Amino acid sequence: MLALVAGLAAALLLAGYWQEWRRLRDRPRIAPPGSPPAPAPLVSILVPARNEERSIARCVAGALAQRYPRVELLVLDDHSTDGTAAALAPFAADARLRLLPG
């Protein structure tokens with residue numbers, strides 16, 4: 001009798017695993033990480049900056065190095081008293097970057 005109960009329990013357990021495997025197998029697939037949907041929506045990155053002359057170039061370079069195809073970078077210069085805006089001069093030719101006065 002005990003062997004019969006153990007056999008039924010094992011059969012129910014295997015049936016549950018089988019159903020779960022089929023559910024996972026048949027679920028809709030998602031895009032793999034790193035591949036944006038087509039067409040890729042625009043992503044805006046806002047960087048608030050106040051007196052960031054020493055670090056803004058590294059921050060902007062990192063943001064512009066993203067592999068995503070449609071990125072705009074908005075740098076909000078919040079009345080900096082140092083050379084924050086001047087530090088962005090090397091990136092002036094990049095159309096993805098906009099400097100906004102605060």
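Predicted model: local features only at pLDDT ≥ 70, side-chain atom pairs only at ≥ 80, totals over all residues.
**Entry 1, charged pairs.** I started at Asp26, which forms a salt bridge with Arg25, and the closest N and O atoms of this pair are 3.0 Å apart. Residues are numbered from 1 along each chain as its sequence is written, and side-chain values use heavy atoms, with hydrogens and water left out.

For a salt bridge I required a side-chain nitrogen of Lys or Arg within 4 Å of a carboxyl oxygen of Asp or Glu. How many salt bridges does this rule give? The count comes to 3.

Arg25 has a relative accessible area of 38%, so I put it down as partly exposed. My scale calls a residue buried under 20% relative accessible area, exposed over 50% and partly exposed in between, with a 1.4 Å probe and protein chains only.

Next I took Arg23, which forms a salt bridge with Glu20 at 2.5 Å between the closest N and O atoms. Why are Arg23 and Glu20 about one helical turn apart? Because they are 3 residues apart in helix 1. An α-helix has 3.6 residues a turn, so residues three or four places apart point the same way. Glu20 is partly exposed, because its relative accessibility is 35%. Helices (H or I, at least four residues) and strands (E, at least two) are DSSP runs here, numbered from the N terminus.

I then turned to Arg96, which forms a salt bridge with Asp94, with 2.8 Å between the closest N and O atoms. Arg96 counts as partly exposed at 29% relative accessibility, and Asp94 does so at 21%.

Which residues form a nonpolar patch on the surface? I noted Met1, Leu4, Val5 and Leu8, with about 470 Å² of accessible area together. The patch rule takes residues with over 30% relative accessible area and no salt bridge, joining like charges within 9 Å and nonpolar side chains (Val, Leu, Ile, Met, Phe, Trp, Tyr) within 5 Å. The areas come from the Shrake-Rupley method with a 1.4 Å probe, and for residues, only the protein chains shown count as cover. Met1 sits in the segment before helix 1 (2–26), and its 79% relative accessibility makes it exposed.

I listed the buried residues of helix 2 (residues 56–64): Ile56, Val60, Ala63 and Leu64. They line one face of the helix, because they fall within an arc of 95 degrees when seen down the axis of helix 2. That arc is taken over the directions from the helix axis to the C-beta atoms. What covers these buried residues? The cover includes strand 1 (43–49), strand 2 (71–77) and strand 3 (97–101), where contact means heavy atoms within 4.5 Å.

Arg58 also lies in helix 2, but with a relative accessible area of 64% it is exposed. From Arg58 to Ile45 I noted 15 Å in space, C-alpha to C-alpha, for 13 residues in sequence.

Ser80 lies in the loop between strand 2 and strand 3. Buried or exposed? Ser80 is buried, since its relative accessible area is 18%. Leaving out residues up to four places away in sequence, Ser80 touches Ala49, Arg50 and Asn51. A polar atom of the Ser80 side chain lies 2.8 Å from the backbone nitrogen of Asn51.

Asn51 belongs to the loop between strand 1 and helix 2 and is partly exposed at 34% relative accessibility. Although it is not a glycine, Asn51 has a positive phi of about 55 degrees. I flagged this because most residues other than glycine have a negative phi. His79 likewise has a positive phi of about 55 degrees without being a glycine. His79 is in the loop between strand 2 and strand 3 and, at a relative accessible area of 52%, is exposed.

Last stop: Ser55, in the loop between strand 1 and helix 2, partly exposed at 24% relative accessibility. Its side chain makes a polar contact of 2.8 Å with that of Glu52. A polar contact is a pair of N or O atoms within 3.5 Å; within protein, one must be able to donate a hydrogen and the other to accept it, and residues adjacent in sequence count only if both atoms are side-chain atoms. Ser55 and Ala87 are 32 residues apart in sequence, yet 8.9 Å apart in space, C-alpha to C-alpha.
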